[in-house]
Amino acid sequence: MSDTLPPFEDTTDFENADRGFLAALVPGTVTDDGGRTVWDGDAYRFLEADCPDTAHPSLWRQSRLCARQGLYEVTEGVYQVRGLDLSNMTLVEGERGVVVIDPLISVETAAAALALYREHRGDRPVTGLIYTHSHGDHFGGARGVLPHGTEEGVPVLAPAGFLEHAVSENVYAGNAMTRRAVYMYGSNLPKAPDAQIGAGLGQTTSIGTISLIPPTVDITETGQEETVDGLRVVFQLTPGTEAPAEMNFLFPDLRALCLAENATHNMHNVLTLRGAVVRDARVWSVYLDEAIEYFHGRYDVAFASHHWPTWGHDEVVRFLTEQRDLYAYLHDQTLRLLNEGLTAPEIAETIELPPALARAWHARGYYGSLNHNAKAVYQRYLGWFDGNVAHLWEHPPVELAKRYVAVAGGPAETLAKARAYVEEGDLRFAATLLNHLVFATAPEVPVGEERPASAVHEEAKEVLAGVYERLGHGSENGPWRNFYLTSAQELREGISGEVIDMANPEMAAALTVPMLVDSLAVAIDGPRAWDDDLTVDLVLTDDPESGRRRLTLHNGALTHRTVTDPRTPAGLTLTLSKPQLLGLLGGQGPGELGVGVEGDPALFARLLSYVTKPDPRFPIVTP
């Protein structure tokens, strides 16, 4: 596949990234109440130097841009704090105070961003909060700008479906996603030229306190207009684009357009490496096309939830047109090739961007990549199975690896062959072969007579770590680099580092009762619960509209539904409020919470006894 880099002499992005700069946070670090550092922007000062041979020059360029931090004026009355988290926080001045758009990931970084703004623009109160979409880096810091007790009367606006998607993504598959996010963002890697240099969309994720203030105003249709603190806002709903619930919006009186995360200065992900529901690249392009027409002539600048703004109406139209074409081309060409019989890996190796897009810096694969996005489009339409029945019922990784190693002539011979591929420069197959060797020769696995399993295993891990390191250093894509380098770290050092806590009390409080029950259902140890059969009714005193909800555990599956006139009595009926339910789920007893009990109180404890707690530090690249 050919590749043409845009001209490095084009400094437009650097001029735009610096435009409107007012002040930086000094020092560029943020700590929590206990003194733990949750964000360290100063760690990226090494990016001021020339690109070393341990980084792709294009990714180094992008990281230099993303590492710029401080308060910036976008246009009169519109300000952004950039470089204090993965995402941007935008502040729009109203009649009485300031409206905050997307309060970063962590309470601590959001509070620091607001303090930086107030230091230079005055101590304005927060008079409105807008979430552009349902990803955690756009709502997690909400309590940093609206602490408990200050949210009274402050409207919180979000696209329809925001709460359901914001919470469900962090509950149903939350543990696996959070674990993989450590690799995607390289949050546990050192910040250094040969280690973590950025993530393409921003530098990395903060690791502070996650919060969530539920929306009070839902945006339900394109064209809906709301006034917040005297500011008119016109909305465009864009569901199913970069997030299941997302929206663009215009401040017509300020002639400023917010593009959320639908158009950023990189190719985005159709499927993130941390995992998510596959996004619809076709719909994404459709909504970008709609934005071009719908907002035409009504803005002079466009800003987004990541990166730097684009100034000039015609420049924004060009930018949106190229972003639209990027996702449309990716979608349509993947479909064309899969309909010709190519599989996902074959498409990923075949597809090329048109030269005009390949030469556009904002279409480069710093965060998403053409390779894994094409595979994601394939997955959306055809799933994991490529039609070749040899792939229908393969052995799981360890068993498959043992057989590959046996075919290769045993552990020692496999290691020798892998080294030969490394010497030849075929790092991709060397990684495949060494990965099989690592999985096949874990100490508990019997191996051949050449060398003890542990010795081969440890040597294979070190060689594989070196391969991953080289692949990472050559990658233009930030998450690819971080995945490779964090995988090398796991091979050499084991599993270590901080874990972001997305399952905190405020996140749980934001769940609806059905979502709370769903969060239990996906944690039930099915085999242990196979032979149990119980029903529990929940009667919510603070949500009478939801009625009586019946939970049924049968055949290891926990299901639930609303019942108005139950044909059979439940084994246990609990009359309680949602906070009392959260208390029960947290381990408190019905008596101490004052819960109304009818029937056998032991049934709820029995139900909870089947609930498992996943390991937040499971291995990724080792058995």
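Strand E7 (residues 98–101) and strand E8 (residues 126–130) run parallel and are joined by four bridges; strands here are DSSP runs of type E with at least two residues, helices are H or I runs of at least four, and both are numbered from the N terminus. Two strands count as paired if DSSP finds at least two bridges between them. Val-98 has Val-126 as its bridge partner in E8. The model is a predicted one, in which local features need pLDDT of at least 70, side-chain atom pairs count only at pLDDT 80 or more, and totals for chains, interfaces and linings use all residues. Residues are numbered from 1 along each chain as its sequence is written, and side-chain values use heavy atoms, with hydrogens and water left out.

Elsewhere, strand E2 (residues 29–31) pairs with strand E3 (residues 37–40) in the antiparallel sense over three bridges. Thr-29 sits opposite Asp-40 of E3. Five residues separate the two strands of this E2–E3 hairpin, and in the turn Gly-35 has a positive phi of about 90°. As a handy reminder, strands of a sheet pair through backbone hydrogen bonds, either parallel or antiparallel.
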